Amino acid sequence: PKVDISSCNLIWISFMRRGMEKLEILHKASDLIKKSTRTLFLTSAGMSADSNIPTFRDKDGYWKNFPPFKDKGLEAQDLASPWAFRNELPHAWAFYEWRRRNAEENQPHEGYRIINKWLAAQDGFIHTTNTDGLHLRSGCPEERILEVHGSMWRLQCLDTCTYQFWEELSVPLCNLDTATMKASDYPKCNGCRGIARPHILMFDDGEYIGHPEQEGSFKRFVQEPIDLAILVGSSGAVPTNDYIALHFMERGTPVININLDPASNRIVNTDLFIEMKGQEAFIELDRISFGSV
């Protein structure tokens with residue numbers, strides 16, 4: 001069969017052009033990173049994905065992992081709610097127990113170490129919507145992070161008998177039957193000895209007690225001008241960080257957006273969009289910026 005040489009050339013030219021455009025954006029981003037003395041890192045689910053932490057965006061993929069939840073029609077947002085802890089307690093705690101075990105089995109990827117290295121050289125801060133605790137596990141300074149949606153490694157009272165939360169790193173934390181995705185022997189509140197729940201801002205949640213210390217650190221950080229914001233792995237499903245990035249961009253702060261999904265740039269619409277996975281992007285940016293191998 002005849003090969004259309006002109007079509008092949010057009011495809012090759014388009015491929016090369018995209019590669020050059022990506023390289024140009026990486027170098028522009030690297031220039032900003034080298035100059036920045038105050039960087040805000042806005043990390044979301046895509047940052048954790050390279051450490052094998054599920055995002056639960058794909059309903060079919062989620063139900064494939066948890067067939068008992070499919071049988072009952074329970075989606076991730078149903079189980080991640082105070083309602084579930086009062087009406088589907090075995091399933092609700094099973095969902096979080098499975099996530100805790102999954103997070104404990106996996107490690108923070110190289111991108112976390114690179115962020116920490118950059119933080120050590122400047123006055124930076126991490127604002128994360130992730131609840132997996134990977135930033136702190138990677139060695140991020142406790143005073144440099146706001147886990148705005150909480151952490152699965154802290155607990156609070158389900159009935160909020162007190163506005164105190166506590167760290168709980170035990171794995172396993174409760175019994176888990178993976179065949180039925182039901183948990184038992186639930187963790188107890190340190191105060192009233194009732195049922196404890198994750199210290200996480202869940203869906204339709206008016207009972208999450210927050211983290212005043214982390215929240216105060218973030219408020220103090222943003223009181224001064226920010227040189228650069230880096231948005232990583234965000235999604236339209238939970239666009240918290242997108243709107244924070246947009247807020248600063250509208251005030252003149254350049255924003256780098258790292259995401260495999262081009263649609264993720266719709267809110268921020270920055271020219272500095274890097275279509276790469278989080279780990280891969282940070283390794284490449286670190287290499288270009290600081291000559292790291």
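Predicted model: local features only at pLDDT ≥ 70, side-chain atom pairs only at ≥ 80, totals over all residues.
## A friendly tour of the model

Helix α10 spans residues 212-221, and among its residues Q214, G216, S217, F218 and F221 are buried.

**The nonpolar cores**

- The largest nonpolar core holds 62 residues, and W93, F95, I230, I274 and F282 are the ones that touch the most other members.
- Helix α7 (residues 89-105) is the top contributor to this core, giving 7 residues.
- A separate core of 14 residues lies apart from it, with F125, I244, V255 and V268 among its members.
- In soluble globular proteins, nonpolar side chains tend to be buried together.

**Around T55**

- T55 sits in the loop that runs between α2 (45-49) and α3 (59-65).
- Its relative accessible area is 32%, so T55 counts as partly exposed.
- Not counting residues up to four places away in sequence, T55 touches A45 and A49.
- The C-alpha atoms of T55 and A76 are 10.0 Å apart, while the two residues are separated by 21 residues along the chain.

**Backbone features to look at**

- Most residues other than glycine have a negative phi, and most peptide bonds are trans.
- V171 and P172 are joined by a cis peptide bond, with omega at about 0°.
- P172 belongs to the loop between β5 (165-167) and β6 (175-177).
- R193, a residue other than glycine, has a positive phi near 65°, and it lies in the loop between β7 (182-184) and β8 (196-200).
- R193 counts as exposed because its relative accessibility is 53%, and the cut-off for exposed is over 50%.
- N269 also has a positive phi, near 55°, and is a residue other than glycine; its place is the loop between β10 (255-258) and β11 (273-274).
- With a relative accessibility of 58%, N269 is therefore classed as exposed.

Methods:
Residues numbered from 1 in each chain as written. Heavy atoms only, no water. Helix = DSSP H or I, 4+ residues; strand = E, 2+ residues; numbered from the N terminus. Buried < 20%, exposed > 50% of the residue type's maximum accessible area, 1.4 Å probe, protein only. Contact = heavy atoms within 4.5 Å. Core = buried A, V, L, I, M, F, W, Y, C linked by side-chain atoms within 4.5 Å.
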